[in-house]
Amino acid sequence: MGLFDFFKHTEPKNVINLDEEVAKIVAIYETYPEFPAMSEDRNVDEWLESIAKGTSKIVPRESMIRNEDGLLPGEVIILDWVNGKDSTTAIFPEFFEMELGIDPVETTNELLFADYLDILNDASVINSWTLFQLNEVLKENGLTKCDTKEQAVQLLKKEFTTDYILNMVDPGIYILMDKGQKIVEKYADVIHDYLDTPPK
């Protein structure tokens, strides 16, 4: 669905002419290499008003420029963001759409099909869990918490069958494939500057 399909609105509110705001934004976005994504559930009237009032901003042009690897900044950033997260993740930060101009769900699926990401759903998933997550499982099953991740993983493998562990990790987590790992490493500064996290 194109951008124009979303700019359906009711009568203008207050002194803000929503038609004029639409025209301004479309005129700007038409100069971009690609139109930013816009979800169907966005309240377009409220968004337009907030832009007119200066409390929100449109997607910056640089967010819609692909790098030498053919990826948008948002696609690079989401690779790092989803890595290690539950593959049923349905809630993504608003900035993916509002600032980076991508549909995070659609983008994640595209990155899966393009072999940047994969879904790990075997017993080895527990090696990617944090000590807190591992200890929560131990606690829920009446076992003593561990001081280190290595101890916790060993205890889980000792106390539970592979089938039981597989049931716990279903449906799996997102992991970077070699192709995705190379992108994350190559653009580490871009990722960590945006997410304000220290490089790993």
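**Close-ups of a predicted model**

**View 1. Helix 4 meets helix 10.** Val76, Leu79 and Asp80 of helix 4 touch Gly180, Ile183 and Val184 of helix 10, where contact means heavy atoms within 4.5 Å. By class, that contact has four nonpolar residues, one polar and one charged. (Ala, Val, Leu, Ile, Met, Phe, Trp, Tyr, Cys and Pro count as nonpolar, Asp, Glu, Lys and Arg as charged, and the others, Gly among them, as polar.) This is a predicted model, so local features need pLDDT of at least 70, side-chain atom pairs count only at pLDDT 80 or more, and totals for chains, interfaces and linings use all residues. Residues are numbered from 1 along each chain as its sequence is written, and side-chain values use heavy atoms, leaving out hydrogens and water.

**View 2. One side of helix 8 is tucked away.** Here, Ala152, Val153 and Leu156 are buried (under 20% relative accessible area; exposed is over 50%, partly exposed in between, with a 1.4 Å probe and protein chains only). They cover an arc of only 100° around the axis, so they sit on the same side of helix 8; the arc is taken from the directions from the helix axis to the C-beta atoms. Glu150 and Lys158 are exposed on the face turned away from that buried side.

**View 3. The whole chain.** Zoom out and you get eleven helices and two strands. These are DSSP runs numbered from the N terminus: helices are H or I with at least four residues, strands E with at least two. Of the 200 residues, 38% count as buried.
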